[in-house]
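This report covers annotated regions, helix packing and salt bridges, in that order. Please view the sequence and structure below before reading on.

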Amino acid sequence: MKIAVVILNWNGQKLLEQFLPAVMAFSEEANIYVADNASTDDSVHYIKENFPEITIIENSENGGYAKGYNDALKQVEEDIYCLLNSDVEVTVNWLESILEEFENNPETAIIQPKILDYKNKAYFEYAGAAGGFIDKYGYPFCRGRVFNTLEKDNKQYNDKANIFWASGACFFIRKSVFKNLGGFDESFFAHMEEIDLCWRAFNQDLKTVHIGTSTVYHVGGATLKNTNPKKTYLNFRNSLFTITKNASGNLFFLIFTRLLLDGLASIMFLFTLKFQHILAVLKAHLSFYKNLPDLLKKRAVLHQKAGYFQTKSIVWDYYIKGTYRS
């Protein structure tokens, strides 16, 4: 079974300089690719000069995470794809237990390792932690991370566990599954496209797994920080995109509830004087309404499976009850 580590890059020369050496040192089992999203810095030249053994795929435009990987992976023939953010530090033997899982369990379609915070390595990292789930209103959360509360890593998630979604920061998927699912939805551009893909996999009875014996460290926000209103826009909009396409049951009730809860989020932004984020939520909703006809067309050709969510409301537990554990 062959594996390809594919790093999507856009103007990330400094990140490549920092993190590529470890990828090269600790990934003997893999072929390494850098998919460049039409960078305007010297990223491509740097790779050619310093890592001639890396295969460079030059995309014609910056289509974001979704289109960037869709375009690049058409040129990758290995059995397993590892989609690795450029701001991730890998560790010794990080691929060993991942490959064992794929080889020994053909029902496993998607895998995520344990993701810790590069800036504070004793704690889990926001984007994925120890594997993701969805609450009853479609809000994503992780083992090890609920909203902005991060757990300390006490080896409590050094396990193999079935999860609902895997983080795009370090995302393993069988090539056959990626192709059969049609890849990422390019209308997302960036953020939550991996949740959408995992949800479509779940709706086809495919398994997503967390392997806690493999560890990576993620900087997070290296390309787009959490404080950036554009990230707020993409997160709120793409969350609505995801549930509209994939959630079973009473879609009208779910969307209406989310709109109310998103309104409450805007009030919280108001109290913290984050006025640009209020505007970002409004723009997210306007984009959602504009795209709703296309989303409903996509929904009509997809299968929606019941039982996708955790029965609790993570918003209620976190903000009202003060329950922080995932």
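## Annotated domain

UniProt places the feature "domain: Glycosyltransferase 2-like" at residues 5-181, in an unreviewed entry. UniProt positions follow the numbering used here, with feature names shortened, and annotations may be inferred rather than shown by experiment. The span of residues 5-181 is 26% helix and 34% strand, and its end C-alpha atoms lie 20 Å apart. Helices (H or I, at least four residues) and strands (E, at least two) are DSSP runs, numbered from the N terminus.

## Basis of the model

This is a predicted model, in which local features need pLDDT of at least 70 and side-chain atom pairs count only at pLDDT 80 or more, while totals for chains, interfaces and linings use all residues. Residues are numbered from 1 along each chain as its sequence is written, and side-chain values use heavy atoms, with hydrogens and water left out.

The unreviewed UniProt entry annotates residues 251-273 as "transmembrane region". Over residues 251-273 the chain is 91% helix and 0% strand, with end C-alpha atoms 32 Å apart.

Helix 8 (residues 251-271) packs against helix 9 (residues 275-301) at an angle of about 165°, the axes being 9 Å apart. Axes are lines fitted to C-alpha atoms, for helices over the stretch in contact, and angles run from 0 to 180 degrees between N-to-C directions. Helix 8 is therefore roughly antiparallel to helix 9 (angles under 35 degrees count as roughly parallel, over 145 as roughly antiparallel). Their crossing is right-handed, meaning that the near helix is turned clockwise from the far one by less than a right angle. Contact means heavy atoms within 4.5 Å; on the helix 8 side the residues include Leu251, Asp262 and Phe269, and on the helix 9 side they include Phe275, His285 and Arg299. The contact of helix 8 with helix 9 divides into 11 nonpolar, three polar and two charged residues. Ala, Val, Leu, Ile, Met, Phe, Trp, Tyr, Cys and Pro count as nonpolar, Asp, Glu, Lys and Arg as charged, and the others, Gly among them, as polar.

## Helix 7 and its partners

Helix 7 (residues 229-246) and helix 8 cross at roughly 165°, and their axes come within 10 Å. The two are therefore roughly antiparallel, and the crossing is right-handed. Among the residues that meet are Phe236 and Ile243 in helix 7, and Arg258 and Asp262 in helix 8. By class, this contact has nine nonpolar, three polar and two charged residues.

Helix 6 (residues 193-202) packs with helix 7 at about 10°, with axes 9 Å apart, so helix 6 is roughly parallel to helix 7. This contact is made by Ile195, Asp196, Trp199 and Arg200 of helix 6 and Thr242, Ile243, Lys245 and Asn246 of helix 7. Three of these residues are nonpolar, two polar and three charged.

## Salt bridges

The structure holds 18 salt bridges (a side-chain nitrogen of Lys or Arg within 4 Å of a carboxyl oxygen of Asp or Glu). One of them joins Lys114 and Asp153, whose closest N and O atoms are 3.1 Å apart. Lys114 lies in strand 6 (residues 108-117) and Asp153 in the loop between strand 11 (149-150) and strand 12 (160-163), so the pair ties together parts that are 39 residues apart in sequence.

Methods. Angles under 35 degrees count as roughly parallel, over 145 as roughly antiparallel, 65 to 115 as roughly perpendicular and the rest as oblique.
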